[in-house]
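Hi,

Here is the structure I promised to pass on. Have a look at it first, and my notes on what turned up follow below.

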Amino acid sequence: MAPTVAPIPLAGAGSDPPLDTTSAARVAALIADNAAASQSLFEPNGGGDGGGGGGGGVASSRSKRRREAEALLALPPPDKHAANLRAAVRLAAGTFGAPPGMAGPRGRGGNGDGDGGGGGGGGGGGGKGVPGVLEAARLQAPPQRLALMAPEAPPRGSVTAGAAAASALPGTVAATTPSVVPPPADADAELRRRMDAQNRAIARTVRAGGTPAEGLSTALALAADRPIWRPPWRVYRVLAGHLGWVRALAVEPGNEWFVSGAADRTIKVWDTASGRLKLTLTGHIGVVRGLAVSARHPYMFSAGDDKQVKCWDLETNQVVRHYHGHLSGVYTLGLHPTLDVLVTGGRDSTVRVWDMRTKAQVHALGAHTDVVNSVAVASDDPQIMSGSADSTVRLWDLAAGRCYATLTHHKKGIRAVVRHPRRRAAATASADAIKTWSLPRGGFARNLRVEEPGRPPNDGVLINALAANEDGLLVSGGDAGGVTFWDWDAAAAFQTVQTVAQPGSLAVEAGVFATAFDVSGSRLLTGEADKTIKMWKEVEGATEADYPLNWAPDLNPKRY
């Protein structure tokens, strides 16, 4: 026989008559059943374990909902005792945020898509909705009570959440047997810490968007995506010297200098530390659109609208090789990190692979049907990724010279492709969105909501350039001059800066055409339409108190 637990006084119960004992017992039993069932929202696969005796499955879930509905309909109509009832249910709703294993004895449940099985603690599987009593409590609660509670760890030897909820009603007996709660495991402790940190942001989002059951469960599912705090970035140096739009940037592997190519048909070499102009190279007769510096040889490669691909000897500062084959302008260029292979793409809709030593064309990859705007080359599969104006991203098998995957999620032409420096992941950008992918299969990962000041999200914002560093920081440069800093893992932007055109330039010349991190990842370079190169770094001495993280989970993320 379960021991009697002393009743907990309810708010506002001092002046109201006691609640009807029969109704209170019925509600207490429902609360005890639903306390464990609410855990299923925390389980990534919908929950497989339930309360002891849970039958599980769809049929069991539906019958449980019918029992709840019948029990609630059998209650007397709302009266002045309703405040006591709502307070009791709200007290039980505090177990909604409990991590798995914190509410009642566990048994084996079903794999259905409902709220849980019958019996002593909710055994069902899917977690598609919030249990009826808990949902009713949330709908009746005032807005300030809609926060997702992150419960404190119960003391050792305390009564479980279900028993405490049931015992909250005056004159009732706990519906579950008291049990000793073991110390929380590392995973439970980490979950509790994360939920505590995310409580305010999630509550604010849920209040703004209403209180649908699916919104609450989605907020929980996205709770782990809270980005880490990062200091903001600022422009600390502006380099002027080009006479046209700066279309390409590349950093030397030793991090001592970097190069820029522009519409004035020149290539300029700059000192990374001081920003001083060291050298100007001429030779192209069109816009310079692609640059790369080899880490294995003293060579630099350039490509442009003049259909030429050049190899520069950095010891003599002269062109030593030309790679002929493109039928029109060359828009992008990439170097293989471990092989003597050069990859180019351009207006003739082909991706061409060159042997940099013999100048021979190894492959002409011609599956795209429009301009190839960007390529990303890596040492692991896919060794070549290409983005085209035909709205597709293609993954290429370098050895076989064929496309093994075509990604068609974008609805607009792709202008930028970047690989994560440390993980097998990639990001692509077009006018409709920035999307991240898992590699090598090219599985879709996340959508990044592109926003610029004064424009709604994803409203035709043209993204011309992407860059990523090893810390998981992704930077995008827009055609309207917006530079956005993203947390790659959380798919969330933590800073957006509108660049300012330099004096003497038109207001519309605020576009960003190229972005690149230096080797350390602590400095960012942007090539812009006002003919300048801007150098960025983190704000020194910035703290989270001065620059708070303004983040809320997206309750309706696109899954494509």
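Which residues point one way from β10, and which point the other way? V309, C311 and D313 go to one side and K310 and W312 to the other, and all are buried. Buried here is under 20% relative accessible area, exposed is over 50% and partly exposed is in between, with a 1.4 Å probe and protein chains only.

Before the rest, some ground rules. This is a predicted model, so local features need pLDDT of at least 70 and side-chain atom pairs count only at pLDDT 80 or more, while totals for chains, interfaces and linings use all residues. Residues are numbered from 1 along each chain as its sequence is written, and side-chain values use heavy atoms, with hydrogens and water left out.

Confidence next: pLDDT is the predictor's confidence in each residue, from 0 to 100. The protein has a mean of 73, and 57% of its residues reach 70 or more. Residues 36-61 sit below 50, yet that stretch has 96 contacts in the model beyond near neighbours in sequence. Residues 210-219 are also below 50, with 18 such contacts. A contact means heavy atoms within 4.5 Å. Where pLDDT is low, the predicted coordinates should not be read in detail.

Back to β10. This strand covers residues 309-313, and five of its five residues are buried. Strands (E, at least two residues) are DSSP runs, numbered from the N terminus, and two of them pair if DSSP finds at least two bridges between them. On the β9 side (residues 299-304), five bridges join the antiparallel strands, and A303 stands opposite V309. Their hairpin has four residues between the strands, and K307 takes a positive phi near 70°. β10 also pairs antiparallel with β11 (residues 318-322) over four bridges, where V319 is the bridge partner of W312. That hairpin has four residues between its strands too, with N317 at a positive phi near 60°.

Further along there is an open sheet of four strands, in the order β16-β17-β18-β19, with antiparallel pairing. The edges are β16 (372-377) and β19 (402-407), each pairing on one side only. From one strand to the next the twist averages 25°, using axes that are lines fitted to C-alpha atoms and angles from 0 to 180 degrees between N-to-C directions. Inside the sheet, β17 (residues 384-388) and β18 (residues 393-397) share four bridges, and M385 faces L395.

A367 is in the loop between β15 (361-365) and β16. A367 is partly exposed because its relative accessibility is 30%. Leaving out residues up to four places away in sequence, A367 touches R394 and W396. Its C-alpha is 7.5 Å from that of C403, 36 residues apart along the chain.

On the cysteines, the disulfide count is zero, taking a disulfide as a pair of cysteine sulfur atoms within 2.5 Å. C311 is buried at 0% relative accessibility, whereas C403 is partly exposed at 22%.

Finally, the nonpolar cores: sets of buried Ala, Val, Leu, Ile, Met, Phe, Trp, Tyr and Cys residues joined through side-chain atoms within 4.5 Å. The largest has 15 residues, and I434, L466 and L474 have the most contacts inside it. β20 (414-419), β21 (425-430) and β24 (463-468) each supply at least two residues of this core. A second, separate core of 13 residues includes Y323, V330, L335 and W354.

Cheers
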